[in-house]
Amino acid sequence: QRQRELPATQPASLAAVVFPGGSAPAPTAGGPGSPPLTLKQLQQLPENRVCFDCGTTQPPPQWASISLGVFLCTQCAGFHRQLGTHISKVRSLTLDNWSPDQVRGMAEMGNARARQLWMASVPPGYVLPTHDNLSAFQRFMNDKYVKRKFAAAPPAG
């Protein structure tokens with residue numbers, strides 16, 4: 001059975017690490033002032049070539065949650081659909097049409113920033129469940145997104 005252990009390091013705060021200054025600048029092709037990245041370019045960023053929830057890289061994620069801003073494998077996209085559209089709205093990276101605002105939302109979050117939000121308080125040594133144990137994986141997804149068990153505390157203010 002394949003399992004992944006999460007690193008023990010945790011971000012200091014969501015406001016300071018994920019959204020310094022209150023907002024997250026969207027990545028651009030050539031730095032500030034250049035055009036924003038396309039969906040295909042966002043998909044090719046190293047952090048987005050890994051499924052946000054299970055960590056698989058083969059095949060690379062072909063799905064995304066536009067409401068959470070994360071890139072997903074096919075199996076995890078199915079779990080996100082089960083969570084309901086009030087939590088996660090799933091789109092195909094290749095089959096669905098994307099609005100500029102949806103692409104911008106993915107650029108503003110992406111897997112790296114989302115990890116700092118949704119996995120901020122994972123206990124050291126926590127072992128992620130895998131697709132091999134579907135009931136454990138479903139509980140993990142429910143804990144993560146419905147109960148927000150691992151999410152960063154909201155910024156004070």
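**A loop residue to begin with**

Tutor: Leu95 sits in the loop between β4 and α4 (100–108). Helices (H or I, at least four residues) and strands (E, at least two) are DSSP runs, numbered from the N terminus. This is a predicted model: local features need pLDDT of at least 70, side-chain atom pairs count only at pLDDT 80 or more, and totals for chains, interfaces and linings use all residues. Residues are numbered from 1 along each chain as its sequence is written, and side-chain values use heavy atoms, with hydrogens and water left out.

Student: Is Leu95 buried or exposed?
Tutor: Leu95 is exposed, with a relative accessible area of 70%. Buried means under 20% relative accessible area, exposed over 50%, and partly exposed in between (1.4 Å probe, protein chains only).

Student: How far apart are Leu95 and Gln62 in space?
Tutor: They are 9.3 Å apart, C-alpha to C-alpha. In sequence, Leu95 and Gln62 are 33 residues apart.

Student: Zooming out, how many helices and strands does the protein chain have?
Tutor: Six helices and five strands. Along the sequence the pattern reads β-α-α-β-β-α-β-α-α-β-α.

Student: And what share of the residues is buried?
Tutor: Of the 157 residues in the protein chain, 41% count as buried.

Student: What is the strand order in the open sheet?
Tutor: The order is β3-β2-β4, three strands with antiparallel pairing. Two strands pair if DSSP finds at least two bridges between them.

Student: Which strands stand at the edges?
Tutor: β3 (70–72) and β4 (90–92). Each has a single partner strand, so one side of each is left without a neighbour in the sheet. The twist averages 30° from one strand to the next. Axes are lines fitted to C-alpha atoms, for helices over the stretch in contact, and angles run from 0 to 180 degrees between N-to-C directions.

Student: Which helix packs on the sheet?
Tutor: Helix α3 (residues 74–83), which touches β2, β3 and β4. Its direction makes about 120° with that of β3. Contact means heavy atoms within 4.5 Å.

Student: How many bridges join β2 to β3?
Tutor: Three bridges join strand β2 (residues 63–65) to β3, and the two run antiparallel. In β3, Phe71 is the bridge partner of Ala64.

Student: New topic. How many aromatic pairs does the structure hold?
Tutor: Six. Rings of Phe, Tyr and Trp (its six-membered ring) pair if their centres lie within 6.5 Å; planes under 30 degrees apart count as stacked, over 60 as edge-to-face and the rest as tilted.

Student: Why is the pair of Phe140 and Phe150 tilted?
Tutor: Their planes lie at 35°, so the pair is tilted, with ring centres 6.0 Å apart. Phe140 is in helix α6 (residues 134–146), and Phe150 is in the segment after α6. Phe140 is buried, with a relative accessible area of 2%. Phe150 is buried too, with a relative accessible area of 2%.

Student: Which residues form the aromatic cluster?
Tutor: Phe79, Tyr126, Phe137, Phe140 and Phe150 form one cluster.

Student: Where is the cis peptide bond?
Tutor: It joins Gln58 and Pro59, with omega about -5°. Pro59 lies in the loop between α2 (39–44) and β2.

Student: Last one. What pLDDT does the protein chain average?
Tutor: It averages 83, and 76% of the residues score at least 70. pLDDT is the predictor's confidence in each residue, from 0 to 100. Over residues 1–24 the pLDDT is below 50. Where pLDDT is low, the predicted coordinates should not be read in detail.
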